[in-house]
Amino acid sequence: MDKLIIRGGVPLNGEVSVSGAKNAVLPMLCASVMASDKHVILKNIPHLHDVTTTVRLLRQMGVSVTLDDNMNIQLDPSTIKNYYAPYDLVKTMRSSILVLGPLLSRFGSAKVSLPGGCAIGTRPVEMHLDALTQMGASIGIDNGYITASCKKLIGAEIRFSKTTVTGTENILMASTLAEGKTIISNAAREPEVVDLANFLNKMGASITGHGTDIIEVTGVEKLRGVSYSALPDRIETGTFLVAAAITGGCVTVKNTISSHVSTIIEKLKLSGADITLTDTSITLDMKGKRPLAVDIETGAYPLFPTDMQAQLTALNTVAKGKSIIKENIFENRFMHVQEMTRMGADIRVENNCAKISGSEKLIGASVMATDLRASASLILAGLVATGITEIERIYHIDRGYDCIEEKLQQLGANISRVPV
Ligand code: EPU
């Protein structure tokens, strides 16, 4: 198992290019099993463990998957031979649940392990299952597995009681091949949901309303293979912007879409950053200043993303003033706080709020990554801390950040990966 070693205190400067969005690519890989002809080609694929795990999952179902040198993935679903997602793979990556809708819709059968516990909260999937039941599926839970079957899914009016990203995506995918019309209300509006809908429409689906909270899908007979390039990762974008802000540097993030990170930009401006936008890039210049404290409250898109909460927590630990971070999506997403406290941060967690008094400085320490975004926040804390920070269990970071230490090194950071 590797660890990251960071010597903090270097202001980051330069340009960095953002990779394709993990949370768009994973559902697209799952959706590809619905194509009835041979080839689906996905481009702008990030080099991530979660992508590798999804490819393993599809391969063990019999899907032929090839990757070229540019990380384009070509999938041939015609060779699929089983509709099964085993516990071994699902336990390492909850988004494996995204094969349920596509398998059921196209083949009328699926056996998918129930995702187990998770570091950031309980994360149940009952809304996915209720919606599929409403569409005519028979669903049972047997030995930790969801077993689902149907003759053909039937369009239905689905109203989610709470906004769910993968729940919306599962039903969106399932309804493309269902009989008749499906209306999804209180649908998630995240850019990754919109990208998935655009991908499905290119495959021949009939989806309207994506990007609003009511999505309408008219079922079609079949979907065809297409070539599609995934959108850039907005959380990676936000993480590099915070890296510039926390170190007092000046960084241009390229290959991004600024409208997808508006709430993050708004908060970083309040923290004292100068921000300049072009169509595909964002430049953040902190001009060597210490950031000002900013309050954050997470919510479903277009509100402030929970996946950036830990990174803004890191920024506030060294900011001038006090701040309150309110986490409204997941009940246990403050695991990074204890580790940051070990670096000298002054944070108190009460229920779903973290109260932070900004310190002049953090001091490097050995810390442990507990989940993907917590890992990113500890890297950010290490970049500004005096002395050496060692981050263990960094396999979490490799699930969702493409070549993070290389990209940070390119910006001048003193960071290296060493085997333990
Ligand atoms: N929820 C339920 N029942 C359900 C489904 C969800 O109660 O059946 C609850 C969850 O427990 C949570 C809330 O609804 O309190 C929202 O969860 P959601 O379903 O939207 O989360 P998700 O789809 O499991 C995706 C991302 C997460 C991201 C969240 C919120 C993917 C693969 N994952 O998860 O990404 O934090 O939406 O935006 O798209 C990450 O990338 O680090 C990550 C965790």
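Ala, Val, Leu, Ile, Met, Phe, Trp, Tyr, Cys and Pro count here as nonpolar, Asp, Glu, Lys and Arg as charged, and the others, Gly among them, as polar. By that scheme the shell around the ligand divides into 8 nonpolar, 7 polar and 7 charged residues. This is a predicted model, in which local features need pLDDT of at least 70 and side-chain atom pairs count only at pLDDT 80 or more, while totals for chains, interfaces and linings use all residues. Residues are numbered from 1 along each chain as its sequence is written, and side-chain values use heavy atoms, with hydrogens and water left out.

In total 22 residues surround the ligand, the closest being Thr164, Val165, Thr166, Asp307 and Ile329, where a residue is near if one of its heavy atoms lies within 4 Å. The table lists polar contacts, meaning pairs of N or O atoms within 3.5 Å.

| Residue and part | Ligand atom | Distance |
|---|---|---|
| Glu126, side chain | nitrogen | 3.0 Å |
| Thr164, side chain | oxygen | 2.6 Å |
| Val165, backbone | oxygen | 2.8 Å |

Taken alone the ligand exposes 830 Å², of which the protein buries 89%, as computed by the Shrake-Rupley method with a 1.4 Å probe.

Helices are DSSP runs of H or I with at least four residues, numbered from the N terminus. At least two shell residues come from each of H1 (22-31), H5 (126-134), H6 (165-176) and H12 (372-384), and H5 supplies the largest share, 3 residues.

The axes of H4 (residues 100-107) and H6, lines fitted to C-alpha atoms over the stretch in contact, come within 7 Å and cross at roughly 15 degrees. H4 and H6 are therefore roughly parallel to each other, a term for angles under 35 degrees.

How values were computed. Polar contact = N/O pair within 3.5 Å; in protein donor to acceptor, adjacent residues only side chain to side chain. Axes fitted to C-alpha atoms, helices over the stretch in contact; angles between N-to-C directions. Parallel < 35°, antiparallel > 145°, perpendicular 65-115°, else oblique.
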